[in-house]
Amino acid sequence: MKNLNRLYIIIIAIITLLSCNTNQLSEKLNYDLNVKVTPSDIAECEFYYTNVSSTPMIVKHIQYSCGCMAGNNSEVTIEPKDSTLISFSMKVKKDEESSDRKVTLWLADSTKKELNIKMNFTRELVFSPSNGVISFPKIHLDSTYSKEFTLENNTNSPCTLKEIGDVSNKFELNTFGKNYPAIINPGETCKFRLEFKSDTLGLFSTKIPLVLETDKLYKVNLFAYAKVI
């Protein structure tokens with residue numbers, strides 16, 4: 001009977017220990033980030049640091065390991081099990097694919113937390129306007145309006161603009177004499193002009209389909225609308 005009671009005590013102790021370990025958070029000091037790079041070669045990075053302790057953590061200031069990094073540096077109190085956003089930007093080279101940096105949190109008790117940041121950079125094709133919508137709001141009858149939009153190759157590889165689809169009636173797309181398919185090299189920008197003739201009252205729209213090829217073939221649809229009053 002004594003052995004049986006002892007066995008029960010051991011089992012309860014093990015269950016209690018496992019329960020405590022399950023609820024306990026582990027501190028994260030290493031971060032692997034996928035970061036987009038802007039056409040001006042700026043990487044905007046952000047991540048969350050969590051206070052896994054049972055007491056509030058007062059961060060007096062944040063130190064960045066490189067002069068190329070600029071980020072938030074204000075004092076912050078992180079409550080237990082709560083998180084704070086750490087964000088910074090940095091200039092990167094055209095052909096840079098990844099980078100390792102450190103972010104140090106200096107605490108009120110004169111201790112520090114060193115966070116290891118690995119950034120993997122990605123670059124994309126950039127359309128302007130960024131929302132992909134060309135608008136002609138509240139235009140007048142019997143007039144011709146035009147707006148330009150661009151496609152910039154912000155990647156490190158050539159991009160082929162294989163095809164531009166037809167636009168709807170009343171809209172006309174000007175490619176400035178460029179023939180397609182056309183190769184857009186890294187850093188180059190393709191410019192287009194969309195024209196609209198307002199000979200009828202009403203609301204009009206069109207889709208501008210583009211077929212692009214980088215490491216894969218994909219389709220992009222831009223949109224345009226005009227309201228003639």
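Which residues does glycine 202 touch, not counting residues up to four places away in sequence?

A: In this predicted model, glycine 202 touches Ala226, Lys227 and Val228, once residues up to four places away in sequence are set aside. Glycine 202 is found in strand S16, which spans residues 202-213. Glycine 202 counts as partly exposed because its relative accessibility is 26%, and the buried class ends under 20%. A further relation concerns leucine 141, 61 residues away along the chain: its C-alpha atom and that of glycine 202 are separated by 9.7 Å.

S16 pairs with strand S17 (residues 217-228) in the antiparallel sense, over 12 bridges. The two strands form a hairpin, with 3 residues between them. Within this pairing, lysine 207 has phenylalanine 223 of S17 as its bridge partner. S16 also pairs with strand S12 (residues 159-164), again in the antiparallel sense, here over 4 bridges.

A pair of aromatic rings is described by the distance of the centres and the angle of the planes. The count for the structure comes to 8 aromatic pairs. One of them joins tyrosine 31 and phenylalanine 47 in a tilted arrangement, with 4.5 Å from centre to centre and 45 degrees between the planes. Tyrosine 31 lies in strand S1 (residues 30-36) and phenylalanine 47 in strand S2 (residues 42-50), so this pair ties together parts that are 16 residues apart in sequence. Tyrosine 31 counts as buried at 5% relative accessibility, and phenylalanine 47 also counts as buried, at 4%.

Phenylalanine 171 and phenylalanine 196 form another tilted pair, 4.8 Å centre to centre with 50 degrees between the planes. Phenylalanine 171 belongs to strand S13 (residues 171-174) and phenylalanine 196 to strand S15 (residues 189-197), so the pair ties together parts that are 25 residues apart in sequence. Phenylalanine 171 is buried, with a relative accessible area of 7%, and phenylalanine 196 is buried with a value of 0%. Ring pairs also link Phe136, Phe171, Phe196 and Phe204 into a cluster. Over the ring of phenylalanine 136 sits the charged end of lysine 147, 5.7 Å from the ring centre. Lysine 191 lies over the face of phenylalanine 176, at 5.1 Å from the ring centre.

Charged pairs may be considered next. Side chains of opposite charge can pair when their charged atoms come close. A search of the whole structure finds 10 salt bridges. In one of them, lysine 113 is joined to glutamate 27, with the closest N and O atoms 3.1 Å apart. Lysine 113 lies in strand S8 (residues 112-122) and glutamate 27 in the loop between helix H1 (2-23) and S1, so distant parts of the chain, 86 residues apart, are linked. Both partners are partly exposed: lysine 113 has a relative accessible area of 23% and glutamate 27 one of 30%.

Arginine 193 forms a salt bridge with glutamate 148, and the closest N and O atoms are again 3.1 Å apart. Arginine 193 lies in S15 and glutamate 148 in strand S11 (residues 144-153), so the pair ties together parts that are 45 residues apart in sequence. Arginine 193 counts as partly exposed at 23% relative accessibility, and glutamate 148 is partly exposed with 42%. Salt bridges that share partners join Asp41, Lys94 and Arg123 into one network. Within it, the side chains of aspartate 41 and lysine 94 meet at 3.4 Å, N to O. Aspartate 41 counts as buried at 9% relative accessibility, whereas lysine 94 counts as partly exposed at 48%.

Serine 99 is found in strand S7 (residues 98-107) and counts as buried at 6% relative accessibility. A polar contact of 2.9 Å joins its side chain to that of arginine 101. Leaving aside residues up to four places away in sequence, serine 99 touches Met90, Ile117, Lys118, Met119 and Phe121.

How values were computed
Residues numbered from 1 in each chain as written. Predicted model: local features only at pLDDT ≥ 70, side-chain atom pairs only at ≥ 80, totals over all residues. Heavy atoms only, no water. Pairing = 2+ DSSP bridges. Phe/Tyr/Trp six-rings, centres within 6.5 Å; stacked < 30°, edge-to-face > 60°. Buried < 20%, exposed > 50% of the residue type's maximum accessible area, 1.4 Å probe, protein only. Lys NZ or Arg CZ within 6 Å of the ring centre and 35° of its normal. Contact = heavy atoms within 4.5 Å. Polar contact = N/O pair within 3.5 Å; in protein donor to acceptor, adjacent residues only side chain to side chain. Salt bridge = Lys/Arg side-chain N within 4 Å of Asp/Glu carboxyl O.
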